[in-house]
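Hi,

Here is the model I said I would pass on. Have a look first, and my notes follow below.

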Amino acid sequence: MITGKYQEFYNLLSKAIPAERLLHDSLSTLAFGTDASFYRLIPKLIVKVYNEEEVTATIKIASEMNIPLTFRAAGTSLSGQAITDSVLVVATHGWRDWSVLDSGTKIRLQSGIRGQQANNRLVKYGRKIGPDPASIDAAMIGGIAANNASGMCCGTAENSYKTIADIRIVLHDGTILDTSDKSSCDSFRKTHKELLGGIEKLSARVKADKELSDRIIKKFKIKNTTGYSLNALTDYSDGIDIIKHLMIGSEGTLGFISDITYNTVVDHKYKALALIIYPDIESACKAVQILKKQPVNAAEIMDRAAVRSVQSTKGVPDYIKTISEKAAALLVETRAENEELLKQNVSIITDSISSIITELPLTFTTDPKLQASLWKIRKETLPTVAAMRESGTTPIIEDICFPIERLAEGTLQLQSLFEKYNYPEAVIFGHSLEGNLHFMFNPDFSKQEDIDKYGAFMDDIAKMVVNDYDGSLKAEHGTGRNMAPYVEMEWGSTAYSIMKEIKQIFDPKGILNPGVILNDDSEIHLKNFKPLPESKEIVDKCMECGFCEGGCVSEGFTLSPRQRITVYREISRLEKSGEQPHIAAELSKLYSYAGLDTCATDGLCALKCPVKIDTGKLVKELRHEGHSQRAEKIAKSIAASMGGVTSGMRIGLSSLYYLRLITGKKLFGAVATGMHKATGGLVPLWNEYFPKGATKIKPTHPNVSSDIQKVVYFPSCITRSMGVSKEYADAMEVTKVTDMLIKRAGMEVIYPNDLDSLCCGMAFSSKGFVEAGKLASDKLEEALRIASENGKHPVLCDMSPCLYTMKSNFGERIKLYEPAEFATQFLVDKLKIRKLNRKISLFAVCSAKKMEVEEHLKKLAELCAEEVVVIDSNCCGFAGDRGFLLPELNKHGLRNLKEQSAGCSEGYATSRTCEIGLSKHSGISYKSIFYLLEEATRE
Ligand SMILES: Cc1cc2nc3c(=O)[nH]c(=O)nc-3n(C[C@H](O)[C@H](O)[C@H](O)COP(=O)(O)OP(=O)(O)OC[C@H]3O[C@@H](n4cnc5c(N)ncnc54)[C@H](O)[C@@H]3O)c2cc1C
Ligand code: SF4
Ligand code: SF4
């Protein structure tokens, strides 16, 4: 609950920003109190800003009231810089504009675009953005630039600092400066003479102090994100240039970044990769020192413990398990413009390190599949190590940098510190070509002795890196709160006081992310640890990295998968300990809608999660726990009488359909909406795309002895009950279209016996009715086993979600196909396809995404229609019946659909229920992809 000046702040801000985007309830503040670091701070208020006017209003009011603000992009920061106990300004939704400039040599990106999305826009130009953090799929431009994040290849040459062309920012007083716009710069020079003068004077002073400027230049020769980008003061003299570069790595403490224009870099197509195994880490480091001078783009080091963590991961070559106990691996990549140059590079590299003995023969591969599996070893190290920790412990990842010529020495000294402090689980890996090492270990911060040990260990690490090597304490993850106590130690008091002056010039009231980068508390890195208590096994390995958020339909509406886990952990911690029972009760109450009801249980989060956590499974388990025995019994009896249910659905839907025709859309819609509201959502919300009941299928029996190829067709209980919608009332039902297509392709259709009583069980299991789901699933499996003659004939289901459930539950014996996969494998080469002159839209439902059949769907649509728009989305949020009962999730999931499908005459998908929501939110009719194929192959 907000009180005092925060209440006043809220009141003022609510004049500029709608109340539904100003959150202060206990569940939201807890959920947003988490970033990927091991710290937690609970904000008083969360402000979801959608545009620059809202940011300006927020900053102005906060400045007047001296209220601290922290900006948040994807929240994947590791050093505690994206959290606050004051106001968290979340700039993610609404910050997605971009434009490719000058034939792809530049790209302008708003701060909420994820790094990988930016690169996807540049593929056709053969270019990419320079910064390449391992988190690029999740991290957003605002965070990438504000942290000066970097990764495997970009080093110090292609990071945000080096590749920024222009920036648009909002300063502490609400002023906007756009460095790409001359009039904005001219006006800024007039209105902000003092700020510009101050910063230019600082630059002149630094340049005049030779010792200091030499030190700054030297320190930025290696990767460094400790403190501010002081190189802006030595590299530039004009105030606007200095500001542009100081913003990089400023971690939200100097202003808000609205957008950035990057100079893009070439993304060479020709790549060769070698996983080189050395007998020990010292040999590997020595090889890196030589490789630094060769045409090498990346050299990633992994010690034996790091390799061990991923050696059993699917796709990782088997020989990795056999390497010796002290071995270390080096993943070396070289890239070139053409094949010839690539070969030359490989030979130069191989010769250069031939004198260093390897444990296994050194070979480069150009096979993209093998390259992907080798990269997997490196990319999965961090999350896998984090997941292997004991439940309840905290995964700590540090990020230091040695001068490359002393990498071997530094690495050995680091290992001896692990021994001294007894961290046997510690692993080392990192971007060795830049001298940048990450190390991970897992203390238990619920014990004071572990906190004390961690504090002493970090002191020793700092002394070693700074005093013995003059290295960087943070190479790429940003200073945050985690390294703030050591900034002065690393830089010295003169440089540190310059940093304080910078902060004073940009943020005189100290409202922008205070405590981050500069912090007077020498123990701030030992405070506010995030509890990661044991809760449920399926989510205990979660490190709260946030990689799953971009794949979730409810993110931005209620909770993201990470937030579901965070809140659940806290509820279960409070319940177990008996602490603050009223808070536990309040959280549970709010969680029932935000955590449970509005999860689509589609499991798309698992596709993005490095440790494959399916938060939907947690939700199903919790729903299951919430059911009474009576409800379980009812579900089981429904599952046992599916025949009656489907015929009831057919009658009910047809009654509604004809009633609507008689009463008219307006009256019927008003009554139906009223009933939905009056019953608190128990009566489904009607929309004009509701289908009428389907006609009952009368299975025909093929001549089983004939030689003609047979297909078992299982029309799902949904397509058996839901017929056509009003906008295609004259068309055949999808079950008839499917039957016709199979026969048109010269095959015979077998329907399983007792068809009307069959169901895949998804409708039950997704609601947590496990036993009812299993009952239905087992019955269907047996019927399909008989119909397919023990798997002799392929089995087709016309709904992707049902097919996915069947694939997950059944054994391998039955060969199962979803519609698009079936069509491309069994139908298209037997049919004569005539491309239709139409622009159509295509939506891959979540189960199609999980089964990786999107390519089949696209291929099929492109065979049938001239122009195909593939909708860029997660799950649509219809989630079986949730679209009827909780239509707001579907609305959120499809909020960008209309815009994306503009100009399309119709849409296609592979799930009848999803098609209802897709039609409603696009305004065009969505049907099964089989309708398209049928039309394109009609005589
Ligand atoms: C598993 C894992 C692997 C990682 N690998 C790497 C790696 O290889 N290299 C690397 O450098 N980092 C890595 N990171 C750290 C992190 O992902 C990056 O630093 C990333 O760039 C942060 O981006 P974000 O969108 O999550 O920003 P956030 O965490 O939301 O914010 C980062 C900082 O920027 C500020 N900020 C956010 N938006 C704005 C804005 N619009 N204007 C001004 N300030 C803003 C915030 O206040 C905060 O201080 C990794 C993290 C994880 C969890
Ligand atoms: S569920 Fe997976 S991706 Fe999501 S926060 Fe947890 S570990 Fe990260
Ligand atoms: S199952 Fe779907 S809706 Fe639920 S948390 Fe995962 S991605 Fe989000």
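Predicted model: local features only at pLDDT ≥ 70, side-chain atom pairs only at ≥ 80, totals over all residues.

Buried means under 20% relative accessible area, with exposed over 50% and partly exposed in between (1.4 Å probe, protein chains only). Val711 and Tyr713 point one way from β19, while Lys710, Val712 and Phe714 point the other way.

β19 has parallel partners, where pairing takes at least two DSSP bridges between two strands. Three bridges link β19 to β21 (residues 748-750), with Lys710 opposite Glu748. Another three join β19 to β22 (residues 795-797), also parallel, and there Tyr713 has Leu796 as its bridge partner.

Now the ligands. The shell around ligand 2 includes Cys542, Cys545, Cys548 and Cys609, along with Arg562 and Pro610 (a residue is near if one of its heavy atoms lies within 4 Å). That shell has nine nonpolar, one polar and two charged residues, where Ala, Val, Leu, Ile, Met, Phe, Trp, Tyr, Cys and Pro count as nonpolar, Asp, Glu, Lys and Arg as charged, and the others, Gly among them, as polar.

Around ligand 3 there are 13 residues, and Cys552, Cys599, Asp602, Gly603 and Cys605 come nearest. Helices α22 (561-577) and α25 (615-626) are the elements giving two or more residues to this shell. By class, the shell around ligand 3 has six nonpolar, five polar and two charged residues.

Residues are numbered from 1 along each chain as its sequence is written, and chains are lettered from A and ligands numbered from 1 in the order in which they are written.

Cheers

Definitions and conventions. Heavy atoms only, no water. Helix = DSSP H or I, 4+ residues; strand = E, 2+ residues; numbered from the N terminus.
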